[in-house]
Amino acid sequence: MKLFDVYPLFDIEIVKGEGCNTYDAEGNKYLDLYGGHAVISVGHSHPHYLKAINEQASKLVFYSNSVINSLQQKLADKLGKISGYDDYQLFLINSGAEANENALKLASFYNGKKRVIAFGKAFHGRTSLAVEATDNPKIVAPINANGHITFVPLNDIEAVKAELAKGDVSAVIIEGIQGVGGIRIPDADFMKALREECDKHDVVLIADEIQSGYGRSGKFFAHQYTDVRPDIITVAKGIANGFPMGGVLISPKFTPIYGQLGTTFGGNHLACAAAIAVLEIFEQENLVENARKVGEYLMTELKQIPGIKEVRGRGLMIGMEFDYPVKELRTRLIKEERVFTGATGTNMIRLLPPLVLTIEQAQDFINRFKNALAKQA
Ligand SMILES: Cc1ncc(COP(=O)(O)O)c(C=O)c1O
């Protein structure tokens, strides 16, 4: 059987990872400034993480959500404490798209409405409603185009007000920082006004922190650079450092109803053990602060490099926009400088490294990046 060929691949097989480094099948070492697309939070093969999943796997990998799984409560307690949302409730699933599906569904159950406001350039995933709320017609199949979503420009509060005034909006969904959309940060004033407008119209405010959350921005959630508390927050990616997992943090104003949400695999024992280990490492190694500190260093250094049109971001979520397509530069970074980076659009390089990146590794990256840029000219 052939694989369904939907991924344009680099001709490299990564077979091993350690901290912020990965190794290919030929033994070449790469500095990982991509984290497998913002997934590797505590670093590859972290010993505490490996110990936790090995121990759990040797006891029990999975049992269904029909019996008590105290690991779920342990995770909820830890997440509540570290995130500042200990009064919220946690629902566990397996991916980011699934987190957003459940968030949007919950909002609609809550207020009985069907329309959702999302923002220009948004990315919320590839399943049913999540993909409909994604501002990319190329990945929205006719079966997903059901007219639930209205896109308005990011930071345009008047456009939001005009839509909410129609009275039929269930939820507004907004990324903490737009990732795929090109590292765009919602203005603090806009977020404050958005919260007020949602309250005024009983509209559910959903923060998609799947990419920007879990410490990446230098705060636990990117929206915590403001005072706004969303009604629902979605998480995935770094939550279990590569073990597939997603979560929905739900404000106390939502009352759970038996059977209304559910999943076979969500919150399974192995996933919870992985996610608990991740938060323990966050605490032990102060990773949110590390992301802030190393991110600040990177931004400062990158802003001094000539030839980059703009550097945007927070913490270890950084975009570098160029006047030209970055495909060649990114390939040179991988092939010649042995550095993995991400990209978005044609002209932006995205940095989403593990949150354990050190200043020395950041310096090393800057040097390799300068080498690659020098060859560009
Ligand atoms: C902001 C955001 N939301 C949702 C998703 C979808 O997550 P997943 O691929 O785990 O379904 C992504 C993935 O890149 C994302 O960046």
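## Exercises on a predicted model

The secondary structure of the protein comes to eleven helices and 15 strands, where helices (H or I, at least four residues) and strands (E, at least two) are DSSP runs numbered from the N terminus. This is a predicted model, in which local features need pLDDT of at least 70 and side-chain atom pairs count only at pLDDT 80 or more, while totals for chains, interfaces and linings use all residues. Residues are numbered from 1 along each chain as its sequence is written.

**Exercise 1.** Work out whether the radius of gyration of the protein agrees with that of a compact globule.

*Solution.* Start with the rule, which is 2.2 Å times the number of residues to the power 0.38, the radius being taken over C-alpha atoms. Finally, the C-alpha trace spans about 55 × 55 × 45 Å along its principal axes.

**Exercise 2.** Find which residues of helix H6 (residues 157-164) are buried, and how they are placed around its axis.

*Solution.* Count a residue as buried if 20 or more other C-beta atoms, placed from the backbone, lie within 10 Å of its own, as exposed if 12 or fewer do, and as partly exposed in between. By this count Val-160, Glu-163 and Leu-164 are buried. They lie on the same side of H6, because they cover an arc of only 95° around the axis, taken from the directions from the helix axis to the C-beta atoms. On the other side of H6, Glu-158 and Ala-162 are exposed.
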